[in-house]
Amino acid sequence: MRIDLHAHSTESDGTDTPTELVAAALDAGLDAVAITDHDTTAGWAEAAAAVAACSGRLQVVPGAELSCTCPDGNGRTITVHMLAYLFDPTSPALVAEQSRLRAERRGRLREMAERMAAEGFPVDPEALMAGLPPDSPGGRPHLARQLVRAGLVTSVDEAFARYLGSSGRYYLPRTDTPVLRAIEMIADAGGVTVLAHPFARARGRVINPEVVAELAGQGLTGVEVDHPDHDEPTRQQLRDIATELNLVPTGSSDYHGTNKTIRIGQETTAPESLRRLVDKSSGSEVFTAG
């Protein structure tokens, strides 16, 4: 089986609709794919309908990617990403937190666009916001794509490097969910949590292994081992940590459509790991073909 447990749709910062994401997974020969948009479950229904209409063997694992604050073990607080799977999307605490995050992110995106427009950049804040799906959190990739269309940059990566990254002139901070609160909320909603690309040092500061152990003691279910931003020594380190802490090791592409050069299914998860995640969850079911 070929299983990819980290992919994004247009409901957050991907370029494929949920239906197109299902089609891309089928075209890539996947047996299972997870839809893990940032801080929203808005794509679940469309993905479920798309896979139900298929005659193939594809399964879709419903999930989300949560941005969290976390001590790094070296005296700083940094952002970590948490993949949450198979939780109840109607859980009141989770609905409230996702609503807060979406509202804040949309406001942040508008302000960044307005600042750029005020300084003469070819950015239309109203068109940007109008183009977002109603339940999408919105994010910097949406603004980056507008800069690409305007010809100011040649790629989303260049837009981040020049303007929108954390050290860029137009970057604005956000208020993320404390990591232990995220683990607790997902567990209370019957779901499971997997730490996404935990040692992707090219992205910035990362937590140290002792913090992973602390999170495992507080209910973390797994760690994303095989990821495009992890080299082989890092992957082996994470495999060893997963074995030592009895965490579920996963592998995923972190697919964003044309926003990134990563192919869907470029990294995969072992079937046993998916079975372990399903066995540990009770909040929702895997979507299957009709």
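Along helix H3, the buried positions are Leu-94, Glu-97, Gln-98, Leu-101, Arg-102, Arg-105, Arg-108, Leu-109, Met-112, Ala-113 and Met-116. The model discussed here is a predicted one. With 27 residues at 1.5 Å a residue, H3 should span 39 Å, and this agrees with its end C-alpha atoms, which are 39 Å apart. Just past the helix comes Gly-120, whose phi is positive, at about 95°.

Two further helices, H5 (residues 140-149) and H6 (residues 156-164), have axes that come within 9 Å and cross at roughly 105°. H5 is therefore roughly perpendicular to H6. On the H5 side, the residues that meet H6 are Arg-140, Pro-141, Leu-143, Ala-144, Arg-145, Leu-147 and Val-148. Their partners in H6 are Val-156, Ala-159, Phe-160, Tyr-163 and Leu-164.

Turning to the interior, nonpolar side chains tend to be buried together in soluble globular proteins. The largest nonpolar core here holds 49 residues, of which Val-60, Leu-195, Ile-207 and Leu-215 touch the most other members. For Ile-207, leaving aside residues up to four places away in sequence, the contacts are Cys-70, Pro-71, Asp-72, Ile-78, Val-80, Leu-195, Pro-198, Phe-199, Val-212 and Leu-215. Apart from this core lies another, of 19 residues, including Met-112, Ala-159, Tyr-163 and Leu-172. Among these, Met-112 is one of the buried residues of H3, while Ala-159 and Tyr-163 belong to the H6 side of the meeting with H5.

A pair of rings is described by the distance of the centres and the angle of the planes. The count of aromatic pairs comes to 5. In one of them, Trp-44 and Phe-87 have ring centres 5.1 Å apart and planes at 50°, so this pair is tilted. Trp-44 lies in helix H2 (residues 44-52), whereas Phe-87 sits in the loop between strand S4 (77-85) and helix H3 (92-118), so the pair ties together parts 43 residues apart in sequence. Trp-44 counts as buried, at 7% relative accessibility, and Phe-87 is likewise buried, with a relative accessible area of 0%. A tilted aromatic pair is also formed by Tyr-163 and Tyr-170, with 6.5 Å from centre to centre and 50° between the planes. Both tyrosines, Tyr-163 and Tyr-170, are buried.

How values were computed
Residues are numbered from 1 along each chain as its sequence is written. This is a predicted model: local features need pLDDT of at least 70, side-chain atom pairs count only at pLDDT 80 or more; totals for chains, interfaces and linings use all residues. Side-chain values use heavy atoms; hydrogens and water are left out. A nonpolar core is a set of buried Ala, Val, Leu, Ile, Met, Phe, Trp, Tyr and Cys residues joined through side-chain atoms within 4.5 Å. Buried means under 20% relative accessible area, exposed over 50%, partly exposed in between (1.4 Å probe, protein chains only). Contact means heavy atoms within 4.5 Å. Rings of Phe, Tyr and Trp (its six-membered ring) pair if their centres lie within 6.5 Å; planes under 30 degrees apart count as stacked, over 60 as edge-to-face and the rest as tilted. Helices (H or I, at least four residues) and strands (E, at least two) are DSSP runs, numbered from the N terminus. The expected span of a helix is 1.5 Å times one less than its number of residues. Axes are lines fitted to C-alpha atoms, for helices over the stretch in contact, and angles run from 0 to 180 degrees between N-to-C directions. Angles under 35 degrees count as roughly parallel, over 145 as roughly antiparallel, 65 to 115 as roughly perpendicular and the rest as oblique.
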